[in-house]
Amino acid sequence: MNRISCKEAIANRLLELAQNDRDIVVVSSDSRGSASLTKFADTLPQQFVEVGIAEQNLVAIAAGLAACGKKVFAVAPASFLSARAIEQIKVDVGYNHTNVKLIGVSGGISYGPLGLTHHSPNDIAAMTSLPGLRVYLPGDPLLSAKLIDRLIKDEEPAYIRVGRSGIDGYYDEETLKKKFMGDWAIIHDSPKGPGAADLLIVSTGEVTGNALAAMKQLNEKGLATALIDMYSLLPFDRDCLIEYARCAKAVLTVEEHSPYGGLNALTAQALSSCPRPIFGLSLPDAPVITGEAPDVYAEYRLDTAGIVETASRMFGIE
């Protein structure tokens, strides 16, 4: 599989779609380079709007274009989009149900050494709290492109967070066809079969690649492990989660987010009627260490080794 970033996969798909649909417009806040949109801007300059470093204006202009019938994708670093423009997202997009898809690039700790100012460890909590907004964290390039295909068909707003670096994709066309369960979750069963797992891992975003590798190692160690790629946080596939958690002895959530208001919180809320021990791996409730993404993942056990170690300790195995 090609090693590309999720943001690049989205930019490529948007260019393909926009060449056949003049109503598709991309609005950028000085992000054409960081969002892999240079080719889009050069190829379709009449369908690309650059507003500069002004995230509030980005969202307001996007909402205005959508009100005129355009299919708008507003792109900015997730750290700035989800914080600086939250009022415009709440009112101009969510409250008014404008056809704006907000794409937060370089999400989580993607900016690594740039530190707290450029990290977005709170965007899930912020975006899922806004009425009228859907929230997605695809961690695979093909899944990211397929999500764009799906969202282009409706007129409701959404927030999509993707990372920065090229990754080894873990999905292909056939895998996505086989593993979808319900509308918004992707299931990876344990070797024992559907619903037959001692541990259920629930992950979202680009750490899902690490979680899948950990799941494989845990199954090889004899711990029956299943995984749900919960790339959609709103809508949240509660029924799927309950069905799999009901058969598991424990649940482990893995997310590139604060421990508050993210995947772990959503999982605990959903399983209130199906109580299971729930453990969580996340970023800390503090500024993260300075370093490249793999170093940060390792520090907080969000890498494959850390997930395996945590799960092994949960079950008291070597």
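1. For the classes used below, Ala, Val, Leu, Ile, Met, Phe, Trp, Tyr, Cys and Pro count as nonpolar, Asp, Glu, Lys and Arg as charged, and the others, Gly among them, as polar. By that scheme, the lining of the largest cavity divides into nine nonpolar residues, no polar and one charged.

2. The model is predicted: local features need pLDDT of at least 70, side-chain atom pairs count only at pLDDT 80 or more, and totals for chains, interfaces and linings use all residues. Residues are numbered from 1 along each chain as its sequence is written, and side-chain values use heavy atoms, with hydrogens and water left out.

3. The structure holds one cavity of 30 Å³ or more (on a 1 Å grid over the protein atoms alone, a set of points where a 1.4 Å probe fits but cannot get out; lining residues have an atom within 4 Å of a point). The volume of the largest cavity is about 50 Å³, a volume being the space filled by probe spheres set on the points, with grid points joined across faces, edges and corners. Its lining consists of Lys7, Ile10, Ala11, Leu14, Ala35, Leu37, Val75, Ile103, Val105 and Val162. Helix 1 (6-18) and strand 5 (100-105) are the elements that give two or more residues to this lining; helices (H or I, at least four residues) and strands (E, at least two) are DSSP runs, numbered from the N terminus. The largest share, four residues, comes from helix 1.

4. Helix 1 also packs against helix 7 (residues 141-151) at an angle of about 35°, with the axes 8 Å apart; axes are lines fitted to C-alpha atoms, for helices over the stretch in contact, and angles run from 0 to 180 degrees between N-to-C directions. In this contact (heavy atoms within 4.5 Å), Cys6, Ala9, Ile10, Arg13, Leu14 and Leu17 of helix 1 meet Pro141, Ser144, Ala145, Ile148 and Asp149 of helix 7. By class, the contact has eight nonpolar, one polar and two charged residues.

5. Seven strands form an open sheet in the order 3-2-4-5-7-6-13, with mixed pairing; two strands pair if DSSP finds at least two bridges between them. Strand 3 (48-50) and strand 13 (232-234) are the edge strands, each pairing on one side only. The twist averages 20° from one strand to the next. Strand 5 and strand 7 (residues 158-161) pair in the parallel sense over four bridges, and Ile103 stands opposite Ile160 in strand 7.

Methods
1 Å grid on protein atoms, 1.4 Å probe; cavity = no way out; pocket = protein on both sides within 12 Å on 5 of 7 lines; lining within 4 Å.
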